[in-house]
Structure formats: structure tokens, C-alpha cells
Amino acid sequence: MARINFGYLPQGNPCAQCRKPIATPEWIENGPNRTSYLWHCWACDYRFEAVAFFDEQDSDPEALVA
Ligand SMILES: [Zn+2]
């Protein structure tokens, strides 16, 4: 079961091109100590990726086991 820390989920992220807010990421990919978010702007069809890095000190060691 995937564990998602919703405290790190950016919502209402502005489009990098036209600045319109995007409610939720189109795709979320979890990696070691980081989560990648793929944003797709409905207004201008621009796609971009944002990566959230986790502080290792705040990580649950059990969550790092693949
Ligand atoms: Zn846009």
C-alpha cells in the first residue's frame, strides 16, 4: 500500500507558463526521499514536473524499504 503524505501534496499550483492555478497533479510518482508531480494545465496545455524532496530526518525508515 502506497503511503502518501498529503502534507506535501501541492494543490492549486500555478501553471509555469500562463499562471492559471491547477487543482491537482495529473500524475504522482513516489521515489526514495522524493515525490514527483506531473502538472498538466488545461488552459494552455502546458506540462511540467515539480519534485518535492523529503528531509531524511523526518522520514520513517520503514517507508524506505522497497
Ligand atoms: Zn497554463
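Student: Before we start, when do two strands count as paired?
Tutor: Two strands pair if DSSP finds at least two bridges between them. Keep in mind that this is a predicted model.

Student: OK. How many bridges do β4 and β5 have, and in which sense do they pair?
Tutor: Seven bridges, antiparallel. That is a pair because the cut-off is at least two bridges.

Student: Which residue is the bridge partner of R34 in β5?
Tutor: F53.

Student: And the hairpin of β4 and β5, how many residues sit between the strands?
Tutor: Six. D45 in that hairpin takes a positive phi, near 65°.

Student: What about β3 and β4, parallel or antiparallel?
Tutor: Antiparallel, joined by five bridges. Strand β3 covers residues 27-31. I28 has Y37 as its bridge partner in β4.

Student: Which residue has a positive phi in that hairpin?
Tutor: N33, near 65°. The hairpin of β3 and β4 has two residues between the strands.

Student: Switching to the metal. Which residues are the protein donors of the zinc ion?
Tutor: C15, C18, C41 and C44, each through SG. They lie 2.3 Å from the zinc ion.

Student: What geometry does the site have?
Tutor: Tetrahedral. The angles among the four donor atoms run from 107 to 114°. The site gets that label because all angles lie between 85 and 135 degrees.

Student: How are the donor residues spaced in sequence?
Tutor: The pattern is C-x2-C-x22-C-x2-C. C15 and C44 link distant parts of the chain, 29 residues apart. C15 is in the loop between β1 (13-14) and β2 (21-22). C44 is in the loop between β4 (34-40) and β5 (47-53).

Student: Is C15 buried or exposed?
Tutor: Buried, because its relative accessible area is 0%.

Student: And what is the relative accessible area of C44?
Tutor: 28%, so C44 is partly exposed. Buried would mean under 20%.

Student: New topic, aromatics. How many aromatic pairs turn up in the whole structure?
Tutor: Two. One of them is W39 with F48.

Student: Stacked or edge-to-face?
Tutor: W39 and F48 are stacked. Their centres are 6.4 Å apart, with 15° between the planes. That counts as stacked because planes under 30 degrees apart do.

Student: Are those two buried or exposed?
Tutor: W39 and F48 are both buried.

Student: Which residues make up the ring cluster?
Tutor: W39, Y46 and F48, linked by ring pairs.

Key: Residues are numbered from 1 along each chain as its sequence is written. This is a predicted model: local features need pLDDT of at least 70, side-chain atom pairs count only at pLDDT 80 or more; totals for chains, interfaces and linings use all residues. Side-chain values use heavy atoms; hydrogens and water are left out. Donors are N, O and S atoms within 2.8 Å of the metal (3.2 Å for Na, K and Ca); water is not among the atoms, so sites may look incomplete. Four donors count as tetrahedral if all angles lie between 85 and 135 degrees; four count as square planar and six as octahedral if opposite donors are over 155 degrees apart and all others between 65 and 115; anything else is irregular. Helices (H or I, at least four residues) and strands (E, at least two) are DSSP runs, numbered from the N terminus. Buried means under 20% relative accessible area, exposed over 50%, partly exposed in between (1.4 Å probe, protein chains only). Rings of Phe, Tyr and Trp (its six-membered ring) pair if their centres lie within 6.5 Å; planes under 30 degrees apart count as stacked, over 60 as edge-to-face and the rest as tilted.
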